[in-house]
Amino acid sequence: AKAQYYSAKGAFDPNFRAQYLTSPQGSYVNRYWDTEISVPTPYLGTRFFTEYRNGRGEFPEYDGNLLTNSIGEVSAGVDFPLLRNLKIDNSRAKLKQANLNILLQQQSLIITKLEAIKDAGYAYWEWVGAGKRVMLSKSLLNLAIIRQSALQKRYQEGDAAQIELVENQRFIIDRRTALIGALRDFQRASFLLSLFYRDLQGNPIIPSANLIPENVPSIPTKNLRSPNLVYSSHSIIDKHPILQRIESQKQISLIDLALAKNSLLPQLNTKFYAEKDYGNGQERLNETSLDVDVRLEVPLLLRQAKGDIRAAQKNLEQIEIQQQFSHDKLNIALQDSLNQLELSRQQVFLTKQEVLLASQVEKAEIIRFNEGDSNLFLVNQREQSTFDSKLKQISATINFFKSKIDLAVACGMEKNCLAQVGY
C-alpha cells in the first residue's frame, strides 16, 4: 500500500518536455526548438510551467508565432481548471485512495492481530486446563495406589477380602487409562500453544508443564454485565477495526463516485502566462506580453460517465449494506460475549460450591469405610464424584477466561470496555 501511495505521488512530479523542428531545405529554411518544465500540484488541479522557445530562419505567415529573437523567448504561467477536474481528477483520486489503502492495510493488520490474540488466548487457556486435568488425574490415581497398599496390609491381617484388592486394582487401571487420555490432551494443547510461543529466532517452543500457573487470576464476585457497557455498546462498536475498515472501503468508493460525476462536467481550463523575447530581432517581440488562454471541451453523449456513476453507486450501496450488517453482527457478538462472561462467572462459583459439597461427602464416606460401615465401591463413587466436580470447575474457569478473550475481541480491545470487565 505504501508503494502504491508512493507511485500515486509520482503524478505530481515535475515534467520536462522538449521538441526540435527543422526545415533545412525549401522555401522556408528554419529551425525551432521548444523546452518546457511543468509542475502539477494536488491543489485544485493547478499546474505551474515555464517554457523556453527559440525559432531561427524564415517561417511562413501561418507559423509566424514560431519566430523568436536571437536568444529566444521565455515564458511562465499557471494553468488551472474551472469545472471538470477542479475538485478532483484521476491523479488526486489515486493519491487519496492510495492513502486510504494504507489505512485499510493497517486496519486489516489490526483485525489479524485480534484473531491471533483470540487464537493464542484460547490455546493458552486450553493448555492450562489440560495441565490442570493431568494434575487432577494423577491425584485421583495416587489415591487408588495408596489405598491398594493399605488394602494389601489389611488383607494380610485378615481384615479385607481379596475381592477388594481386585476391585481396587481395576480402579487403578481405569484411572491410569484416564490419565493417559489427559496426558494426550495436554500434549496436543502444548503443540497448539507452541504456534504462539516462540524463541528469538521464531522457532516454536513446546511449553513445559512447570510453566502451568499454580493459581489462576482471581475471578470477580460482582455481576460483570455492566449497564454502562451495555448502553455504550454502539459507541464501542463504531470504533471496532472491522467497521473502520469498511468505512475506509466506503471512502474509496465515494472517491470513485466523485470521479465519475466529475466526468459529466465540461472541460473548461484557463491558462495565464507572461512571455518575453531576448536578443536581436523584431522590435515588437521585445515587449513583455501577458496572455490568457481559455479552452472549452463539452462531452455530448456522456455514456461512459453515466455508466461509471451507476457502477460506483451500486458498489457504494453494497458497502453500506455490509456496513449495517457488520454493525448489527458486532453488536450481537458484544451482547452475547457479555452474557457468556457473566454466565461463565456464575458457573465458576457454582462448581466451586459443588466441589466443596462433593469433598465433604467423600471425606464422610472414607471415614465410614475406615470404620467398616461402607465399602470400596461407594468410596470410589465418592472420589469419582469429587473428581468430576473438579473437572467441571476447571472447565468453568477456563471458559470464563476464554469468554473474557471473546469480549475483548468483540469490543476491538477498546480500553473502556476492557476496564469495565477487569482487564
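Helix 2 and helix 8 (376–410) each put at least two residues into the lining of the largest pocket. I take helices (H or I, at least four residues) and strands (E, at least two) as DSSP runs, numbered from the N terminus. This is a predicted model, where local features need pLDDT of at least 70, side-chain atom pairs count only at pLDDT 80 or more, and totals for chains, interfaces and linings use all residues. Residues are numbered from 1 along each chain as its sequence is written, and side-chain values use heavy atoms, leaving out hydrogens and water.

Pocket entry. For me a pocket is an open set of points on a 1 Å grid over the protein atoms alone, where a 1.4 Å probe fits, with protein on both sides within 12 Å along at least five of seven lines; lining residues have an atom within 4 Å of a point. I noted about 370 Å³ of space in the largest pocket. Helix 8 supplies the largest share of its lining, 5 residues. Among the lining residues I found K132, E214 and K390.

Second pocket. I got about 270 Å³ for the second largest pocket. Helix 2, helix 7 and helix 8 each give two or more residues to its lining, and helix 7 gives the most, with 5 residues. Of its 13 lining residues, H240, I242, K329, L330 and V409 lie nearest the centre.

Angles entry. I checked phi at N85 and got a positive value near 70°; N85 sits in the loop between strand 4 (72–81) and helix 2 (90–156). L302 also has a positive phi, about 60°, in the loop between strand 6 (289–297) and helix 7 (303–370).

Methods: Points joined across faces, edges and corners; volume = space filled by probe spheres on them.
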